[in-house]
Amino acid sequence: MIRAYIREVRESFSSLLFPPVCSFCDALGTEEPFDLCRSCQCALKWVSPPFCEHCGRPLVGLSSDGINYCGRCLSAPPPYTRARYAVFYEGGLRDGLLRFKYHAALHVGGTLSALLIEAFEKYWRPEDFHLILPVPVHRKRLVQRGFNQALLLARKLSRVSGIPVAPRTLVKIRDTRPQVGLTLKERKINLSKSFGIACAQDVRDRSILLVDDVATTGTTLAEASKTILDAGAQSVQALALALRADGAGSSQPSHVPETSA
Ligand SMILES: [Zn+2]
Ligand SMILES: [Zn+2]
């Protein structure tokens, strides 16, 4: 009892001397559960319904027939069973992710993985999956950056959910140019056959959760899912921390012709 009291007093003094700093903007004073300042916490934009049942991208309005699929998924559904995203890639979240990814600000990883875990718990249960596969980066990029941000996020999710993570099963066999600025068609060509499976036994007849940090059009998730399914997986679902809304715009519901790029 007295020990717990002393610990509490010590912790409250140390938080006065070293007040916690916001992971995204360095402002003093943070809030649970994401260790963000009030302003960054408030500015988080969660990806919430209405969105396409299949690809998880926001829909502009709901279809009158109750079918909530975007035009793209109705005409050419991506190979994964469904994809979901935690938050939109904008504001403080974008700053935090860039710090994490390019400046190796690994302390931001705690906040980012807490957001990812929050989204996972919204859509799935741990027993839905046998294995988590992070979207890999090519060896060349790994040498430049020193770590794979998707793997760090996947590891934290694995620790909380108990689903094992396989860091070296899905591999990037071909280095590809950055997807930013490419059209949907160019993205598909750029990524075509760029993933491989190191050991098909790892995924055969298994339910896989694919994890990535940022998705734009979902081309990466689709191409990686195709590779995993071709190797014999039972199903693939995808979860990305952030969705770039600028990639292809919001999708139209099924009864309206698709106009996005
Ligand atoms: Zn902040
Ligand atoms: Zn869709």
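**Figure 1. Helices α5 and α7 cross in a right-handed sense.** A crossing is right-handed if the near helix is turned clockwise from the far one by less than a right angle, and left-handed if anticlockwise. Helices (H or I, at least four residues) and strands (E, at least two) are DSSP runs, numbered from the N terminus. The axes of α5 (residues 108-123) and α7 come within 9 Å and cross at roughly 55°. Axes are lines fitted to C-alpha atoms, for helices over the stretch in contact; angles run from 0 to 180 degrees between N-to-C directions. The two helices are therefore oblique to each other. Angles under 35 degrees count as roughly parallel, over 145 as roughly antiparallel, 65 to 115 as roughly perpendicular, and the rest as oblique. From α5, the contact takes in Gly109, Leu112, Ser113, Leu116, Ile117 and Phe120; from α7, Leu152, Leu153, Lys156, Leu157, Val160 and Ser161. Eight of these residues are nonpolar, three polar and one charged. Ala, Val, Leu, Ile, Met, Phe, Trp, Tyr, Cys and Pro count as nonpolar, Asp, Glu, Lys and Arg as charged, and the others, Gly among them, as polar. Two residues are in contact if their C-beta atoms, placed from the backbone, lie within 7 Å. This is a predicted model: local features need pLDDT of at least 70, side-chain atom pairs count only at pLDDT 80 or more, and totals for chains, interfaces and linings use all residues. Residues are numbered from 1 along each chain as its sequence is written, while chains are lettered from A and ligands numbered from 1 in the order in which they are written.

**Figure 2. Helix α4 passes α5 in a left-handed crossing.** The axes of α4 (residues 91-102) and α5 come within 9 Å and cross at roughly 125°. That makes α4 oblique to α5. Gly96, Leu97, Arg99 and Phe100 of α4 meet Val108, Gly109, Thr111 and Leu112 of α5. This contact has four nonpolar, three polar and one charged residues.

**Figure 3. Four strands build an open, parallel sheet.** Their order is β1-β6-β5-β2. Two strands pair if DSSP finds at least two bridges between them. β1 (83-88) and β2 (131-134) stand at the edges; each has a single partner strand, so one side of each has no neighbour in the sheet. From one strand to the next, the twist averages 20°. β1 and β6 (residues 235-243) pair over five bridges, in the parallel sense. Val87 stands opposite Ala242 in β6.

**Figure 4. Helices α5 and α9 lie across strands of the sheet.** α5 lies across β1 and β6 and runs at about 135° to β1. α9 (residues 219-230) lies across β1, β2, β5 (207-215) and β6. It runs at about 160° to β5.

**Figure 5. Ala166 sits in the loop between α7 (149-161) and β3 (170-172).** Ala166 has 19 C-beta neighbours inside 10 Å, so it counts as partly exposed. A residue is buried if 20 or more other C-beta atoms lie within 10 Å of its own, exposed if 12 or fewer, and partly exposed in between; C-beta atoms are placed from the backbone. Beyond its neighbours within four places in sequence, Ala166 is in contact with Leu131, Leu133 and Asp202. Ala166 and Val203 are 37 residues apart in sequence, yet 9.7 Å apart in space, C-alpha to C-alpha.

**Figure 6. The whole chain has nine helices and six strands.** Of its 261 residues, 37% are buried. Among contacts with a separation of 6 or more, 71% join residues 24 or more positions apart.
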